[in-house]
Amino acid sequence: MNQHPADQPAPSRRIIVIVPDRPGGLAQVTAALAEEEINIEAIDGRRAWELGVITLSTNDDDAALRALLKAGLRAVTSDVIVFHLPDRPGALAGVAQLFSEHHVNARTIHIVHRLEGHAIVAVTTDDDDLARTLIGSESLL
């Protein structure tokens, strides 16, 4: 388990929502949360191919995740690392092998979306800082 010194906060939970990169995606996310009276505390959006990747934290992440899923949105929550890789045989095996060589244990892993030859993956590990370094900043979302 990742230990955090008392003077440093533990990583915050995030919710990652995948929407089509077209008008209305952000509106759908924010409306689903507003309907349940959930306050967005932080939000970041990026484009990944033909997708929008919205990362947010709220005043009630568990309720927010339920609201987003109820609205039919693709969403995951946790202390996750979200990255992209080519959608081809062996790409994920390469990441898994790299983790193994550096003794990083993947606790959960989800292929969140696939599009145009790429996969967006969310993973939790026992050493997120090292995992991020191994994945590389150019692949992180």
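## Exercises on a predicted fold

The protein contains four helices and seven strands, where helices (H or I, at least four residues) and strands (E, at least two) are DSSP runs numbered from the N terminus. This is a predicted model, in which local features need pLDDT of at least 70, side-chain atom pairs count only at pLDDT 80 or more, and totals for chains, interfaces and linings use all residues. Residues are numbered from 1 along each chain as its sequence is written, and side-chain values use heavy atoms, with hydrogens and water left out.

**Exercise 1.** Find the order of the elements from the N terminus on, and judge the radius of gyration against the globule rule.

*Solution.* Reading from the N terminus, the elements follow the pattern β-α-β-β-α-β-β-α-β-β-α. The radius of gyration is 16 Å, close to the 14 Å that the globule rule gives for 141 residues, so the protein is as compact as a globular protein of that length. Here the radius is taken over C-alpha atoms, and the rule is 2.2 Å times the number of residues to the power 0.38.

**Exercise 2.** Work out the strand order of the open sheet of three strands, and name its edge strands.

*Solution.* The order is S5-S7-S6, with antiparallel pairing; two strands pair if DSSP finds at least two bridges between them. The edge strands, each pairing on one side only, are S5 (81-86) and S6 (106-115). Eight bridges join S6 to the antiparallel strand S7 (residues 118-125), and His110 stands opposite Ala122 in S7.
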